[in-house]
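Welcome to a short tour of this structure. Please take a moment with the sequence and the 3D view before reading on.

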Amino acid sequence: MSLIAVRTKNLTKRFKRSVAVDGISFDVNEGEVFGFLGPNGAGKTTTINMLSTLIAPSLGSAEIMGYDIIKKRNEVRRSIGVVFQDPALDGRLTGRENLEFHAHMYGMPARERTSRIAEVLALVELEDKASARVETYSGGMKRRLEIARGLMHRPKVLFLDEPTIGLDAQTRRHIWTYVKKLNDETGITMLLTTHYMEEADALSHRILIIDSGRIVALDTPAALKDVLGGDVIELGTAGDTAAFVDAMRSAGWVKNVAAGADHVRLTLEKAETHVAPVVQAAVDHGVSLSTVSIRKPSLDDVFIHFTGKTIREGGDGPAEAKAARRGQGRRG
Amino acid sequence: MRILVVVYILWLRDMKRFMRSPSRVVGSVTLPLLTLVALGAGFGRIPIPGMNSPNYLSFLVPGMVGMTILFGGVFSGMSVLWDRQYGFLKEIMVAPVPRVAIVIGRIASGSTTGVIQATVIALIATFLGFALPSLAGFMLAVVFMVLISVIFTGIGLVFASRMKDEQGFGLIMNFLILPFLFLSGAFAPVNNLPAWIRAFSYADPLTYGIEGLRAALLGTSAVPLALSFTVCAACATVLVLLGAWFFETSEAV
């Protein structure tokens, strides 16, 4: 039996006009990478803010390493490292100075301070840049510095709030590598929020899908995909698909049918053996097909299955606006 | 011990930031300096009844020293808002440190910059004909500089802990700061004011701060030195505690 690193019970946060987190309960095991997946505004950051003692819950409770987040705030703070969604670095200070600040705040003794700073700088490959002011860093470098800082004081639980938002694909892969390596080598528990499917899939042992402040699913990535019961055939369509969709629903070998304005998505086993009858049926029902694709189910499909909508990727959610602002880095 | 380390590192960070933004160093002394030159040069030789000092310039210097520190204290509050906006406040607030240490750290750096700026003002004033006091008098003046700094940095922090937008903070601070300043007797002797206004003046901690500075720098003041010191020290203590309480209960995001 593994130990519980994070436990929440009916955790709730109400703001004036909205309920950001609506009574969520879950456990994160020690050593686990726990993915928190949901669209922008689903309540991910609010949950992290409550768990890291920055805001108080309206209702419910949570424990980190057995410490209550309201009654034992200092013990909780000592047990966690946080990499916030928006950078929380001082741009006027150098990378090393930011880490020194952190070391002092966490009461690290002088000897350990120097060696540990060198260690975490090496881990994120920022030794060369340690003496440059952070305002001159790129977005990816800032992120890496923050990860280094979050690890400085050897926390038991590391929160990563949208660790790769606003970063290019290459830098994102880089960060993933660090995260995996960290968990493999140190066994640190991580709670990672993201609205990127492939990120949750690639990194998490278990994924919690959250939407409008509520938990809609919680399981391993594989088990979540199994729920869909097979492969996916996606058809790009034009014209009225209603009759075709009915025909597919009554076909015994199709498990699930989801229809959109310009596409139909079928879930079934051994999809490759059913492409011909599907296409034939489409033709028979007067649906013209623009594309046909077969794929293994992705978390996207899982998300649609549980929430009935696609996750809002990109676009102009609040997080994206913040990421844009960060890019300008007025004061760093 | 633990608190001292935290206070030190917060202080050090603010000092580095201060030293690395020359515009802040220059900007913070410009207004008091211009006021000193404009009023001091204009009225410098005219004796004003009830001001207990050889000339208006000497009377004005402690007032401008107090004004510099007043503005500096408010600025410390503003820097909390910047930290909030640029995210660094979260790094501070998520750390396992007593909130009182965070408040004292801010006040320590606010006081240091305040005393530096105020000393610059006093030194520049000597070129206009201001006579510097003895070393003992100057040290006593530094004590009052620190106390005024603690009080107004504290007030700035209390508001900053609850406010999120800079414009709003600036507006409220202006609304507060100017009465503090004009009632304090920085520009004209409090005793010349009508009695009903004077009542407000004696409720203004800056009055005691500036009178304390006058006692230290000029050797003469309208309020006894011991009273000035007691009121300032009491206000400073209250504001440190109040600031700590506001930070303890504030939300960092």
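How many residues of chain B are in contact with chain A? In this predicted model, 22 residues of chain B are in contact with 24 residues of chain A. On the chain B side, two elements each give two or more residues to this contact: helix H1 (2-19) and helix H4 (88-93) of chain B. The largest share, 7 residues, comes from H1(B). By residue class, the chain B side divides into 13 nonpolar, 1 polar and 8 charged residues.

Now let us turn to chain A. Its domain assignment gives domain 1 (4-224) and domain 2 (229-296). The centres of domain 1 of chain A and domain 2 of chain A, taken over C-alpha atoms, are 41 Å apart.

Within chain A you can find an open sheet of 4 strands, in the order E2-E1-E4-E5, with antiparallel pairing. The edge strands, E2 (19-29) and E5 (67-68) of chain A, each pair on one side only. Strands E1 and E4 of chain A pair in the antiparallel sense over 5 bridges, and A:Arg7 stands opposite A:Glu63 in E4(A).

Here are the strands of chain A with their residue ranges:

| Strand of chain A | Residues |
|---|---|
| E1(A) | residues 4-14 |
| E2(A) | residues 19-29 |
| E4(A) | residues 59-64 |
| E5(A) | residues 67-68 |

Helix H1 of chain A lies across E1, E2 and E4 of chain A, and runs at about 115° to E1(A). Is this helix, residues 44-51 of chain A, mostly covered or mostly open? H1(A) is mostly covered, with 8 of its 8 residues buried. Among the buried residues are A:Lys44, A:Ile48, A:Asn49 and A:Leu51. Just after H1(A), A:Thr53 takes a positive phi of about 70°.

In soluble globular proteins, nonpolar side chains tend to be buried together. The largest nonpolar core here has 145 residues, of which A:Ala148, A:Phe159, B:Val61, B:Ile151 and B:Cys232 touch the most other members. Helix H3 (residues 56-85) of chain B gives the largest share of this core, 15 residues. Leaving aside neighbours within four places in sequence, B:Ile151 is in contact with B:Pro205, B:Cys232, B:Cys235, B:Ala236 and B:Leu239.

Definitions and conventions:
Residues numbered from 1 in each chain as written. Chains lettered and ligands numbered in written order. Predicted model: local features only at pLDDT ≥ 70, side-chain atom pairs only at ≥ 80, totals over all residues. Contact = placed C-beta atoms within 7 Å. Nonpolar A, V, L, I, M, F, W, Y, C, P; charged D, E, K, R; others polar. Domains from an automatic or database assignment. Buried ≥ 20, exposed ≤ 12 C-beta atoms within 10 Å, placed from the backbone. Core = buried A, V, L, I, M, F, W, Y, C linked by C-beta atoms within 7 Å. Pairing = 2+ DSSP bridges. Axes fitted to C-alpha atoms, helices over the stretch in contact; angles between N-to-C directions.
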